[in-house]
Amino acid sequence: MHSSLLSVLTWLPILGGVVVMLVGDSRASIARWLALAIALAALIASVPLYTGFDLTSAALQFPERMAWIPSLHSDYSLGVDGISMPLILLTTFSTVLVVIAGWTVIEKRPAQYFAAFLIMEGLMIGVFSAADALLFYVFWEAMLIPMFIIIGIWGGARRIYATIKFFLYTFLGSVFMLVALVYMYLKTGDYSLAAFYKLPLTLPEQIAIFLAFFAAFAVKVPMVPVHTWLPDAHVEAPTGGSVILAAIMLKMGGYGFLRFSLPITPDASRALDWLVISLSLIAVVYIGLVALVQQDMKKLIAYSSIAHMGFVTLGCFVGYEIVASTGSLAGATLGLSGAMVQMVSHGLVSGALFLCVGVLYDRLHTREIGAYGGVINTMPVFGAFMVLFAMANAGLPGTSGFVGEFLVILASFKASFWYAFVASITLILGAAYTLWLVKRVVFGAVANEGVASLKDLNGREFLVLSLLAVAVLALGVYPKPLTDVMEPTLRNLVQLMSVSKL
Amino acid sequence: MNPISANDFVLAAPEILLLGGTCVVLLLDLFLSDRLRQVSYFLSLLTLAATAALVAGLPEGRHFGFNGMFVVDGAARLLKLVATATVAVVFVYSRDYLIQRGLFKGEYFVLALFATLGIFVMTSASSLLTMYMGIELLALSQYALVAFDRDSPIAAESAMKYFVLGAIASGILLYGISIVYGVTGTFDLGALASRLDAGAASQIGLLFGLAFLIAGIAFKFGAVPFHMWIPDVYHGAPTSVTLFLGAAPKLAYFALAFRVLAEGLGSAVEAWQGMLVVLAVLSMAIGNVVAVAQTNLKRMLAYSTISNVGFILLGLLAGTPSGYRAALFYTITYVVMALGSFAMIVLLSRKGFEADRIEDFRGLAQQNPWFAWMMLLLMVSTAGVPPFVGFFAKLYVIQAVLDVGLTWLAIVAVLFSVIGAFYYLRIVKVMFFDAPAEEGVSVTAGPALRFLLSLNALAVLALGLYNSALIDTIARALP
């Protein structure tokens, strides 16, 4: 009965977004309510994905299949597994929050703003549910257009530079993936991912394909040294744009590694895991240090995102070292589940932090850390939230941030002491830059008249932040519902990535 | 030699009707007062519609007429149908523009119809002589069309440039044809193919002739290094003429390349593949890079044409059936996108104001969101971003190139398409992110233009989401 659920989830927001756009900016309040209704409908529609999910199966669930381009053997085929399902829920959840958060803040062309986010939502769900490589690519690239518009219209002062940089960087990465996909298609005669998984490839071929995928996914994650678009895009994007970028779009890169690189090019992944692992560790340490010296709150969170995403890529690839040194597949699974939990958790935490910055920005129109101080005196409720999310960002036990980092560090320990050692530096650095941020912004004496005049959270902001706070704490205290969902899929993935294709 | 039979005339019926209709418009227009000029317009559309109906009624399969000089096959039928539709759309797009500038004259329609006839002859040519006739008919009509606004010095200059360079190119092409004739002793493309199969493909004389043929084809297409005329002509011609030049003739040039290279000289593929690789890479490089520096939209689109020609050549140079199909798919979809993009300039132009500078599009999203979004569809599609049809066109040619093992070429192609994305995005940036100019942009165009242009832009999206019908049609046309 759920046979068309994924299509509904994909197309409802896209078509809804078009309708919202047609309603127009002149009837902004209708557009707002309509956008909220559509986002809520998508959220509600995504719940059966979780409740109806078969926890014992690694196969694609809720499958759909329709001929799309028969001459290319490319199908409109959708399906979710334990990797994509949580990310879809994260998408529908974040979009509702973004719509609420932008409710009155966006005064310029509001209908187009909400429409862009809804279309974005549908496209992102399409990316996560596509089971056909060409369909995946179509959604993957199409996503760039609404984001380009969002940053370009509603962004900050240097928005045009940032958005064009964002577009071209990610476009450049993706076209290599396209060449790789076409190359494999010419061997299999079929664009389905299942066929790609079975395709035998020689090591040089795998390495070339791996590097092509790497170009696409590493830019999206983003990994050092191709991360420089992210601070620009994050800083200039409107709050909602930053939230979606951090919460979902960065996850696309990690998702791509799990869905494409590891199972399609397992031998190249093994041969080149040193590359990914070392870049991840550099991200964790070096970007952590860079975050420390930022003067702009959004930039600080953006750099902290890069550092946190380093954990995701580390968790994805450290498995090969574990298998090599201990022969234990369970260890590799541990790393992967750490990466997944980290992705979901980072989606919630960084989204929440960007919303917090947005709350301040809406009041004082500056993101400079130096312009704040003692916010807790005038905004106690907000201060409490901010501290909570900052703690989660630093990986405090009891919050979701801890679970992912802990699992990844545990897995790296099995691979090598030194990986774990370097990765653990984040516990110090992360705590340092987040707590210092909190100290400078939230605590202390009231710094200036601006801060003195601040009003605490309104109901709308409170709602958004408390929903996120509940999710962060729930996941931190009891991550089992999430890990249970992923378990069979990840075990299956470890099988795929450890069997040689040569 | 057989005498000409009735069957020959059946095959050429669309051309005959088109010629007849054109002559009627030509004569009738002399006796019309300016108030009744609409009659020429509607009569021209009627001629095109009747021609299209006759094309649709042509017999299935592959038929030769006029002693093998003329062929009707799937490719000819499809190209003729698309060409008539394109020219009809061009007429609708141009009407208001011409009226506002006092250029609404019968000559425009007559010349465009003669050019269409040239396109028809080229698509059906199965002999180098027929092909050359078609090329000249098309070219002469185009020279005159460019100079059509006789009071505009810049148009006269472009026409002069176009004419001189075009004449040289025709000479080069003719020289190539005569050398090929000298080596093989035939003009007939079918006979040429069979004689080459016998082992003449590697003769130095043939290669020499081939180089001239390729240079001629490259000039017509506007491939680098034979591209110099394109920006000046596109820029100098009245926009309604640029609309014509940028769209329909590309179909004929595809036919030229396909008939001569694939059908006639198919067994010399190794000889011409290398030449086309050079032309394709240079076109993509120069077209995309120079387009970035343009401030005039017409010139930018002209360089974009050059880079797109590079992609069409990519499909052709593969030398495989799937490559030819990819090139045809690319050509047809490019025509759709080019029509829409040039029509946006027409849409925003008004009496005394030519909206052909990029900055004229500033703030369009605030003043007229609908057409800003339509332009966005067109631009993003031309940039090759999915889910629009421009992406699939690029996908098919890249697939064709990879299929023959030219991986490096595929990578070069995608890299240049990233560079290309920048200047298309700049148009989006200007429309959506910049504040409107003081006097603003206003859309004064009539409902027919608005409706058809919206349809045109939405077709770019629809063809992207669902393109198997077009692919199947092309697969039937080029088996």
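Chain A of this predicted model contains 22 helices and 2 strands, where helices (H or I, at least four residues) and strands (E, at least two) are DSSP runs numbered from the N terminus. The radius of gyration of chain A is 21 Å, close to the 23 Å that the globule rule gives for 502 residues, so chain A is as compact as a globular protein of that length. That radius is taken over C-alpha atoms, and the globule rule is 2.2 Å times the number of residues to the power 0.38. Along the principal axes, the C-alpha atoms of chain A fill a box of roughly 70 × 55 × 40 Å.

Of the 502 residues in chain A, 63% are buried; a residue is buried if 20 or more other C-beta atoms, placed from the backbone, lie within 10 Å of its own.

The largest nonpolar core has 405 residues. Such a core is a set of buried Ala, Val, Leu, Ile, Met, Phe, Trp, Tyr and Cys residues joined through C-beta atoms within 7 Å. Its largest share, 20 residues, comes from helix H15 (residues 321-348) of chain B. A:Val179, A:Phe389 and B:Val397 have the most contacts inside this core, a contact being two residues whose C-beta atoms, placed from the backbone, lie within 7 Å. Leaving aside residues up to four places away in sequence, A:Phe389 touches A:Val349, A:Ala352, A:Leu353, A:Cys356 and A:Val472.

In chain B, 17 of the 18 residues of helix H5 are buried, so H5 is largely enclosed by the rest of the structure.

Residues are numbered from 1 along each chain as its sequence is written, while chains are lettered from A and ligands numbered from 1 in the order written. Local features need pLDDT of at least 70 and side-chain atom pairs count only at pLDDT 80 or more, whereas totals for chains, interfaces and linings use all residues.

How values were computed. A residue is buried if 20 or more other C-beta atoms lie within 10 Å of its own, exposed if 12 or fewer, and partly exposed in between; C-beta atoms are placed from the backbone.
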